[in-house]
Amino acid sequence: MAEETGIINQNYGMKSTMGTTSLKPTQKLVNFNKTKLLIHPQAESALSIWQRLRFITSSINIEYLDSFYCPPIRLTKNSCNTLFFINDFKRIDEILRLQSTDSYLCLITPESINDIQMLAWAEVVKLVFTKDIHHPQLFKALKQKAPKSIICKLMGIDSLTIDNYCFFAGIAKTNFEYQQTKISIEDGLVGLPLSMNWLGN
């Protein structure tokens, strides 16, 4: 999504306060066709992992209901009034991919770096409860890329271990190990010859 829609900003120079002078959140209707929307740099890693590991599912087109019935989209901005999203990745993805005409109610509020990271990584942690999620891949991504203190706080654990992950996810460790073994076997089959003529013998 990020590469296709050009929403990731590579050139930024923001402080933890995003250069905001007002501490009061404001609500406004925003048309994302007319207003440039970027991913906040502190949420970029979380979005990248979310995009890689999520399952794309069909959803109801709520174009005509969204502005009136859905909660406001949480955004923040810098001193140049550039808007950044920090969470609600699925909804932002659907808006940018599927919907084009509506304006959306947005809550624009100053956020600390810690709050931005918490909101963004919460989107990734939610994948733990997604049907058919590959737990070893998600665990590995969290272990390698996520801020450890943020993940431990979100999961309510002392350290990110397989045992703690499985307990949080509500799965048996044997299920985790089965998925881990299965992908190892599948990786080992990559070296099979391209010709499959032997199947007919």
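## Strand β5 and its two faces

Strand β5 has a covered face made of Tyr104, Cys106 and Ile108, and an uncovered face made of Leu105 and Leu107. In a regular strand, side chains alternate between the two faces of the sheet. Helices (H or I, at least four residues) and strands (E, at least two) are DSSP runs, numbered from the N terminus.

This is a predicted model: local features need pLDDT of at least 70, side-chain atom pairs count only at pLDDT 80 or more, and totals for chains, interfaces and linings use all residues. Residues are numbered from 1 along each chain as its sequence is written, and side-chain values use heavy atoms, with hydrogens and water left out.

## The chain as a whole

The chain contains 9 helices and 5 strands. Along the sequence, these elements follow the pattern α-β-β-α-α-β-β-α-β-α-α-α-α-α.

Of the 201 residues in the chain, 38% are buried. Buried means under 20% relative accessible area, exposed means over 50%, and partly exposed lies in between (1.4 Å probe, protein chains only). The chain exposes about 12400 Å², and carbon and sulfur atoms supply 54% of that area. Accessible areas come from the Shrake-Rupley method with a 1.4 Å probe; for residues, only the protein chains shown count as cover. Among contacts between residues at least 6 apart in sequence, 78% join residues at least 24 apart. A contact means heavy atoms within 4.5 Å.

## The sheet

The 5 strands form an open sheet in the order β1-β5-β3-β4-β2, with mixed pairing. Its edge strands are β1 (26-30) and β2 (37-39), each of which pairs on one side only. Neighbouring strands of this sheet are turned by 45 degrees against each other on average, direction ignored. Axes here are lines fitted to C-alpha atoms, for helices over the stretch in contact, and angles run from 0 to 180 degrees between N-to-C directions.

Strands of a sheet pair through backbone hydrogen bonds, either parallel or antiparallel. Two strands are taken as paired if DSSP finds at least two bridges between them.

## Strand β3 and its partners

Strand β3 (residues 73-77) runs antiparallel to strand β4 (residues 83-85), and 3 bridges join them. Leu75 stands opposite Phe85 in β4, and Lys77 stands opposite Leu83 in β4. The two strands form a hairpin with 5 residues between them; in the turn, Asn81 has a positive phi of about 65 degrees.

β3 also pairs with strand β5 (residues 104-108), in the parallel sense and over 3 bridges. In β5, Cys106 is the bridge partner of Ile73, and Ile108 is the bridge partner of Leu75.

β1 pairs with β5 in the antiparallel sense over 5 bridges. Gln27 has Leu107 as its bridge partner in β5.

Thr26 is found in β1 and is partly exposed, with a relative accessible area of 39%. Leaving aside neighbours within four places in sequence, Thr26 is in contact with Cys106, Leu107 and Ile108. The C-alpha atoms of Thr26 and Ile108 are separated by 5.2 Å, although the two residues are 82 residues apart along the chain.

## Arg91 in helix α4

Arg91 lies in helix α4 (residues 89-98). Is Arg91 buried or exposed? At 11% relative accessibility, Arg91 counts as buried. The side chain of Arg91 reaches the backbone oxygen of Pro71 at 2.6 Å. A polar contact is a pair of N or O atoms within 3.5 Å; within protein, one must be able to donate a hydrogen and the other to accept it, and residues adjacent in sequence count only if both atoms are side-chain atoms.

## Helices α7 and α8

In helix α7 (residues 148-155), the buried residues are Ile150, Ile151, Cys152 and Met155. These buried residues of α7 pack against α5 (113-125), α6 (135-145) and α8. Just after α7, Gly156 takes a positive phi of about 70 degrees.

In helix α8 (residues 162-169), the buried residues are Tyr165, Cys166 and Ala169. Seen down the axis of α8, these buried residues fall within an arc of 95 degrees, so they line one face of the helix. The arc is that of the directions from the helix axis to the C-beta atoms. Just after α8, Gly170 takes a positive phi of about 75 degrees.
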